[in-house]
Amino acid sequence: MLTPAAAVASRHFPSPQELLRPRRSIQLLSQVHVHRLIHDGSSSFTAVTSQLLASSCASSVDAGYGARRLFDRIPDPQMHRFMYNTVIRAFCDSSCPQEALRLHRGMFRRGIHPNEFTLPFVLKACTRARAWSHARAAHGVAVKLGFAGPQVFVGNALLHSYASSGSLAESRLFFNEMVEKNVVSWNSMINGYAQAGDARKARALFREMRRQGVSEDEFTLVGLLLACSQEGNLQFGRAVHCHMLVSGSRVDLILGNALVDMYGKCGDLWMARRCFRMMPLKNVVSWTSMLCARAKHGSVDAARDWFDQMPERNIVSWNAMISCYVQCGQWREALDLYNRMQSHGLAPDEVTLVAVLSACGQIGDLTVGKMIHLYIRVNIDNPDVSLVNSLMDMYAKCGQVDTAISLFDEMRHKNVVSWNVVIGGLAMHGRALDSIRFFRSMVRDSFSPDEITFVALLSACSHGGLLEAGRHYFESMRHVYNVKYEVEHYACMVDLLGRRGYLEKAVCLIKEMPMKPDVVVWGALLGACRMHGSVVIGRQVIKQLLELEGISGGLLVLISNLLYENHQWEDMKRLRKLMKEWGTRKDMGISSIEVNNSIHEFGVEDIRHESSSEIYAAVDQLSYHLISLHFLTVHPEELCVVE
């Protein structure tokens, strides 16, 4: 009969390489652990346990926590510091990097100091978990233990963490103080500037890098191309491409994708296509970059054809096509594609939901918007502030402004956009005093209003007829909040003055504008002229509008109506003749109604709806009924029977 040790020894156990396969269970790893302890004794305890912990943490979250329990049972971790490093490294690459930070704090509680191999993993976990305060504390530890200066890989990890947090000023200060730098150090700073959209500093740093004799690698070039994409600087992008060709840089998959992305975002579709065709190997990123390039050129149909031809799609591909539809105003198509994406079993991410919520808000599809809200509550534990802002905007545009305010009150973290959404939503619904109240709360909570805030606020004052409040906030923009006047702010003030009948003051304000007034400004004044019957000023406005290019059919109809209402028959005929020659037509107004969770849209004399004949029949029946009721009310004597 076999002893327990012999029984264990007689079983087959996989090699260490097999342990790293994700399909192996934690139970099998534990069996190997026991086997090695029985046969090899405590001398192999450290190596086997480290391998077990690393494999467990990498396999799944639950297995990782099981490994953590095993780690906590190690009798003397003081002698096995690299076990901490093993588990911290495993957790920093997992879906729960916060566990790596908890382990790091636990090291200090147990009197164990990290070494130069611990800190890079900890800083990586800080970046993935966006735990910037912990990163600063790790920096202090690195300085205290003397790792920040001589250890270049520790310095690079600190540099990358600061750059990822957006603290480019601190990152550059640390970069300048680094005793030793390598190409990774330069790349971290260049990519940090590129991601922040500061292409000028990225270019300057690249020139300084070359002056100091540091040779660039593919990641340097990718960072420079990213800076060109962010800035839309085609000239510098071409210069980087020429440098690559002259220096003989090997264009691999990553660099090829960066070139396609740069040319596409900078508007050179021909070169984007050329770079794409020259790539010997392509992946889903390559195809998606070309999709974004086509979408940027405004060719929605061409982008959709490309999307349908893609051999493989990921969530970024779907998001790009959905966003293309939203940006081009094809909101129905965006929602249809979103439904198709879900039918393919692909779960939407926050980028998808932001785009779809925008489409819902534009067409007033509250039903789909509520479904997305439910999906967010169930599936996203800590939604990004931009997603909550989009949700509030959807509710405000769909008429549920109080629901938007409730979401706003629940937000733990707000930004300026959050306040703008609420102030703009209240303004849209004519609640001018509530808009002002929220603006005061915004300032009281130390948020700095921007130009969009004042567009919403002045619009609220205009719709509410609050002339003095509008003047006050318009003046305080420059003198109190240091916000630059834009043409939209002048349009709001012209509309406010015009509605109250101060047409001459509105004209004076237009003359004082530092920029050329656009169609919106003149249109606001023209609407006020029609409201108050001012033909003299109206003629001046008409002259200015006719000199502008791109005047809409709606404004021409407004001019024609002004002439008609003031009996300017000859001028009206000439304008109508010009409109006919230009082929100008007023865009049809669209009304929508939700019935049985479906949105139905209608326009004047519109026959596009599948039930249009039944709808018009019902309208005619209602019209006859109303006419008969009016006849009975006004002429009841005619119904008396004459004897």
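Leaving aside neighbours within four places in sequence, Thr 220 is in contact (heavy atoms within 4.5 Å) with Val 183, Asn 187, Ile 190, Phe 206 and Met 209. The model is predicted, so that local features need pLDDT of at least 70 and side-chain atom pairs count only at pLDDT 80 or more, whereas totals for chains, interfaces and linings use all residues. Residues are numbered from 1 along each chain as its sequence is written, and side-chain values use heavy atoms, with hydrogens and water left out.

**Overall architecture**
- The secondary structure of the chain amounts to 36 helices and two strands, taken as DSSP runs numbered from the N terminus (H or I of at least four residues for helices, E of at least two for strands).
- The chain has 643 residues, and 45% of them count as buried (under 20% relative accessible area with a 1.4 Å probe and protein chains only; exposed is over 50%, partly exposed in between).
- Among contacts in the chain with a separation of 6 or more, 57% come from residues 24 or more positions apart.

**Thr 220**
- Thr 220 is found in helix 14, which spans residues 218-231.
- Its relative accessibility is 0%, and Thr 220 therefore counts as buried.
- The side chain of Thr 220 is joined to that of Asn 187 by a polar contact of 2.5 Å (a pair of N or O atoms within 3.5 Å, one able to donate a hydrogen and the other to accept it; residues adjacent in sequence count only if both atoms are side-chain atoms).
- A polar contact of 2.9 Å links the side chains of Thr 220 and Asp 217.

**Cys 92**
- Cys 92 belongs to helix 6 (residues 81-92) and is buried, because its relative accessible area is 1%.
- Although Cys 92 and Ala 125 are 33 residues apart along the chain, their C-alpha atoms are separated by 4.6 Å.
- Not counting residues up to four places away in sequence, Cys 92 touches Pro 97, Ala 100, Phe 121, Lys 124, Ala 125 and Arg 128.

**Largest nonpolar core**
- The largest nonpolar core holds 157 residues, of which Met 321 and Leu 525 touch the most other members (a core is a set of buried Ala, Val, Leu, Ile, Met, Phe, Trp, Tyr and Cys residues joined through side-chain atoms within 4.5 Å).
- Helix 30 (residues 487-499) supplies the largest share of this core, namely eight residues.
- Apart from neighbours within four places in sequence, Leu 525 is in contact with Val 494, Leu 503, Ala 506, Val 507, Ile 510, Ile 537 and Val 541.

**Largest pocket**
- The lining of the largest pocket comprises 17 residues, and Asn 382, Pro 383, Val 388, Met 411 and Arg 412 lie nearest its centre.
- A pocket is an open set of points on a 1 Å grid over the protein atoms alone where a 1.4 Å probe fits, with protein on both sides within 12 Å along at least five of seven lines; lining residues have an atom within 4 Å of a point.
- Helix 23 (366-379), helix 24 (385-397) and helix 25 (401-410) each contribute at least two lining residues, and helix 24 gives the most, with four.

**Positive phi in loops**
- Most residues other than glycine have a negative phi.
- Ser 446 has a positive phi near 70° and sits in the loop between helix 27 (432-444) and helix 28 (451-464).
- Ser 446 is exposed, with a relative accessible area of 68%.
- Asn 482, also not a glycine, has a positive phi of about 55°.
- The loop between helix 29 (467-479) and helix 30 contains Asn 482, which counts as exposed at 66% relative accessibility.
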